[in-house]
Every structure is written in structure tokens, then in C-alpha cells.
Amino acid sequence: MSLLIISNRLPFTINHSGNEITLVPSSGGLVSGISSYLDYMKHSPVSDFEYLWVGWPGAYMEESLQKNFSSQVRENHNVIPVFITEEEMDKFYLGFCNSTIWPLFHYFPTYARFEEEHWEIYKKVNKYFSDKICEVVKEGDTIWIHDYHLMLLPNMLRKRLGNKFKIGFFLHIVFPSFETYRIMPSAWRKEILEGLLGADLIGFHTNEFTYSFLRSVLRILGISNSLGKLIYQNRIVKADTFPMGIDFKKFNNAVNNKKVEKEREELKSKLKDRKLILSVDRLDYTKGVINRLKSFRKFLQDNPDYIKKVVFMLIIVPSRIGIDQYQEIKNNLDKLISNINSEFGDLDWQPIIYQYKYVAFENLVALYNLADVALITPLRDGMNLVAKEYVACQKYSPGVLILSEMAGASNEMPEALLINPNDIKQTADSIKEALEITKEDAFLRIQKIQDRISYYDVLEWAKDFLLGMDKVKNENNRIEVK
Ligand code: GDG
């Protein structure tokens with residue numbers, strides 16, 4: 001019996017240079033969370049734990065090379081690559097996934113494009129995944145599908161594999177309200193819901209998302225539920241809430257790692273007693289970076305005493321280059337940062353240090369640990385793992401988390417300074433409040449959040465979800481026996 005993890009991306013990306021192929025680890029919350037769970041299971045006393053990870057390897061490979069590569073990576077890394085051509089990937093990933101679903105689900109309907117051709121490719125790529133899974137799945141395996149790229153897959157598999165298999169689906173992003181979801185063309189919105197209902201268990205980060213999903217199922221498919229359970233095609237299907245956690249111990253322990261300590265001391269001496277405000281995001285219009293910068297500017301305007309006494313370190317990781325809105329946000333960001341730096345800065349002080357690149361894990365932990373304030377202000381976010389990672393790295397002299405109420409994570413963090421990211425003044429005032437909070441207050445706030453997120457970490461999250469799948473399956477078995 002194996003666990004099959006299915007996600008758009010594999011935990012590594014193929015890198016071709018000349019004739020040589022190397023594998024570069026992929027980044028992001030989903031990959032690091034699932035990898036932590038798999039590492040834990042591999043080293044746990046459950047000695048017969050087996051898994052396979054099915055996903056796109058990040059690049060296309062000539063057909064003649066695919067077979068050999070696939071058997072090598074299956075043998076060495078337990079992964080099964082699904083090859084998708086560049087042209088298909090353009091229409092699937094940049095097209096339907098990130099120019100239709102992503103903006104619509106994050107309440108940017110005006111950014112959403114509804115192209116029939118992209119929808120057709122979305123169906124085609126989901127079918128590629130279903131073909132690949134059917135080739136490798138064995139009786140008794142558990143299939144756990146992840147995220148918005150593969151919402152048709154649960155039902156495709158259910159139709160082909162029948163009711164013997166446990167199928168779970170977890171959505172890592174927001175599920176929007178019915179009024180927003182219904183904006184999508186009628187056939188697509190119906191087919192996506194039916195696609196998801198092929199799973200035994202459908203998981204969301206927050207109760208609001210679970211509720212929104214169930215509401216859309218009722219309004220579009222006419223199926224009602226009782227406490228999240230409903231009957232679809234003679235099976236019980238459950239929708240429930242599983243707020244994803246982080247590998248708390250990994251982050252918390254890393255603070256005392258020698259490399260991290262060295263990095264922190266270097267950073268500290270460069271700061272010259274200035275307070276550090278930090279933010280870390282993928283480049284995305286949903287992350288609210290423009291409003292965040294406007295809030296920082298307002299903070300400096302309202303509090304000139306802080307000039308030269310703070311530094312705002314803004315780390316943006318490049319993402320989804322090739323979509324118009326991402327290029328536009330990058331241009332706007334560059335302009336605004338340079339305006340603020342030239343308005344307030346001088347030869348020996350720049351208020352904003354901007355890094356448009358991926359930062360190594362040790363550097364990230366050093367920054368988290370050192371930052372006096374984390375400023376995390378998405379306009380919408382399914383969860384936001386950065387907020388949890390910052391809290392996990394607070395030791396000895398904790399900092400303060402300013403967090404958007406629009407991030408799923410805010411439900412588990414009422415002790416953070418919660419702000420509405422559209423309220424520039426409130427956010428600016430919160431920066432001042434965070435910088436002036438007493439050490440005792442900061443300590444108590446962080447401690448309460450740490451208690452919560454160290455208990456329900458990514459391992460607990462995965463175990464909870466998998467147990468939830470078992471429960472639904474058992475209920476279905478009882479019905480079949482009757
Ligand atoms: C989606 C949902 C949901 C980022 N920059 C660097 C770096 N990262 C790592 C962080 C964190 C992950 O990437 C980002 O996760 P988030 O949750 O913040 O955001 P999304 O990428 O949008 O993820 C989100 C998540 O899925 C999980 O369900 O929370 O709502 O949108 O782990 O640490 N890591 C390193 N250097 C960087 O520069 N090492």
C-alpha cells in the first residue's frame with residue numbers, strides 16, 4: 001500500500017544545461033510541507049511506509065529520453081514525472097490556472113480571462129495526470145491530490161478506478177464566495193465542482209472556504225449537505241477544514257544552527273542598531289505589496305522621528321513571469337520603491353532594501369529571527385505560511401507580527417496585530433505600535449501563537465487529513481455492506 005501524492009509540481013525541477021540534466025529542488029509552501037511529512041514518515045517506526053509523488057518536472061524532455069529518465073527518478077526519488085509540452089504548459093499553467101482560476105478565486109475577477117482553448121487544455125492536462133496515475137496505482141493505495149491545477153482529477157479517477165480507492169483533495173488557495181465563483185462560465189463552474197466531488201474528502205484552509213464551496217455545490221448542483229457531508233453518485237463526500245501548518249521544529253531549531261547564527265550576526269552589525277521590518281512573498285498582486293509600501297511611506301511621513309532608525313527589508317521571489325499583471329506589478333513596485341527611497345533616503349541610509357530573488361533557507365531563518373516586525377499584508381491569501389514561519393523563528397527576544405485579516409492564517413493568530421491591507425493609515429499606525437510594544441507584550445503574543453502552531457504543525461495537518469479520508473471511506477464501506 002502506498003501514498004500517492006499528486007501535485008502540479010514535483011519537489012524538484014529539471015535543469016538542462018547542454019547535455020547534462022540536473023535536478024534543482026522546487027520551492028513553495030506545498031512542496032516544503034509535503035516533503036516534511038514524507039521525511040517524517042520515512043524515518044518513523046511505520047517501516048512499511050511507501051509513497052510516490054506524481055507531478056510535472058518543471059520542463060519538457062524529448063520523448064526518446066522520457067522513459068529512461070522516468071525510471072531513474074522513480075528508482076532514486078520516488079517520483080513519477082508527467083510530461084507536458086511547453087505550448088500546453090503555457091495555456092494550462094499561465095493560462096487557465098493562473099489567468100482564470102488564480103485571479104477569480106482571489107477576488108480579482110477583472111483580471112480573470114475566460115478562454116475556451118485554455119479550458120480545453122486544462123481538461124487535457126488533468127487527463128494526462130489521470131492516465132499516469134492509472135498506470136502506477138495499486139489496490140489499497142491512497143491518492144492525495146493537491147491544489148487548483150488539478151480540480152477535475154478526483155472525478156476522472158473515480159470514474160476510472162471505481163469506489164475501491166481512497167481519494168482526497170486539498171485546495172491550497174482561497175475558495176471564493178458563490179457570487180464570485182459563479183462568474184465562471186456555466187459549464188466550467190459545474191464541471192469543476194463535479195470534478196472535486198470525485199474525492200472522498202475535500203479539504204480547505206478555513207471554515208469560510210469550506211462554507212463557500214458547500215454553498216456553490218448547493219446553488220450550482222442542487223446538492224445540500226449536513227455538517228459538510230453530502231451524497232454524490234451514491235457515495236458520501238465530506239468537505240472539511242484543515243489549516244495547513246509548517247514544520248515548526250525545523251524552523252525553530254534552525255535558529256540555533258551555526259550558519260544561521262553567523263548570518264544573523266553579520267546582518268545585525270550591518271543594521272547598526274536600526275529596527276528591522278521584514279516581508280517575504282512571491283511576486284503576486286494578491287500579496288498586497290503596493291499597499292504595504294504605501295503604508296510604510298505613510299508611517300515615515302507621520303513619524304519623522306523614525307527616519308534613519310528603521311529599515312524595511314522587502315524580499316520578493318520572482319514568480320509567473322509571462323503573465324501581464326505580474327510584469328505590471330513588478331514595474332509598479334520598482335517605481336514606488338525608488339520613489340520612497342529617494343524621498344526619504346540619503347547617502348548613508350536607504351529606508352527600503354529590496355531583494356528580488358530567492359533567499360537561501362539559512363538566510364531566511366536569520367532574517368525571520370532578527371526582524372523586529374514582520375509586515376505580512378496580502379489582499380487575499382489561502383493561508384500564508386510565511387507568517388507561521390516568522391513566529392516559529394522567534395526566540396529570546398520576540399518580534400511582532402503584523403498580519404492581514406485577509407490571510408487564512410489570521411484565524412489562528414488573533415494575537416498578531418491584525419490589519420485590513422486596504423486601510424493604509426491603520427497599517428501605518430500598526431507599524432508604529434509594533435515598534436513600540438513592550439517586550440512582555442510581544443513575548444506573550446508570540447508565545448500564544450507558538451503554542452497553537454507548534455501543536456498543529458504540518459505533520460499533524462497531514463495526519464489529520466489522511467485520517468479524515470479513512471473515516472469517510474469507512475462510512476462508505478458500511479453503506480455498501482448494508
Ligand atoms: C500557496 C497559497 C498557502 C518564499 N520565499 C522564499 C522562500 N519562500 C517560501 C516560504 C513559504 C513558501 O515559500 C510560501 O508560502 P506561502 O504560504 O506564503 O505562499 P504561496 O506560495 O502563495 O502558497 C498560500 C500555501 O500555498 C500553502 O498551502 O499558504 O495561501 O497561496 O514556505 O518560506 N523560501 C526560501 N527563500 C525565499 O526567498 N528559502
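The buried residues of helix α5 pack against β1 (3–9), α4 (116–136), β6 (142–146), β7 (166–170) and α7 (186–196), where contact requires C-beta atoms, placed from the backbone, to lie within 7 Å. Helix α5 spans residues 153–161, and its buried residues are L153, P154, N155, M156, L157 and R158; a residue is taken as buried if 20 or more other C-beta atoms lie within 10 Å of its own, as exposed if 12 or fewer do, and as partly exposed in between. The helix is followed by G162, which has a positive phi near 75°. Helices (H or I, at least four residues) and strands (E, at least two) are DSSP runs, numbered from the N terminus.

The structure is a predicted model, in which local features need pLDDT of at least 70 and side-chain atom pairs count only at pLDDT 80 or more, while totals for chains, interfaces and linings use all residues. Residues are numbered from 1 along each chain as its sequence is written. The mean pLDDT of the protein chain, this being the predictor's confidence in each residue from 0 to 100, is 95, and 99% of the residues reach 70 or more. The model scores are ipTM 0.98 and pTM 0.96.

The protein chain contains 17 helices and 16 strands. Its radius of gyration, taken over C-alpha atoms, is 23 Å, close to the 23 Å given for 482 residues by the globule rule (2.2 Å times the number of residues to the power 0.38), so the chain is as compact as a globular protein of that length. Of the 482 residues, 43% count as buried, and residues 24 or more positions apart account for 78% of the contacts with a separation of 6 or more.

Strand β2 (residues 12–17) and strand β3 (residues 20–25) pair in the antiparallel sense over six bridges, pairing being assigned if DSSP finds at least two bridges between two strands. F12 has P25 of β3 as its bridge partner, and in the hairpin, with two residues between the strands, G18 takes a positive phi near 65°.

Around the ligand there are 23 residues, of which G29, H172, G382, M383 and L385 come nearest, a residue being near if its C-beta atom, placed from the backbone, lies within 6 Å. The elements giving two or more residues to this shell are α1 (29–42), β11 (275–282), β12 (310–317), α13 (361–370) and α14 (385–392). By class, the shell has 13 nonpolar, seven polar and three charged residues, with Ala, Val, Leu, Ile, Met, Phe, Trp, Tyr, Cys and Pro counted as nonpolar, Asp, Glu, Lys and Arg as charged, and the others, Gly among them, as polar.

Definitions and conventions:
Two residues are in contact if their C-beta atoms, placed from the backbone, lie within 7 Å.
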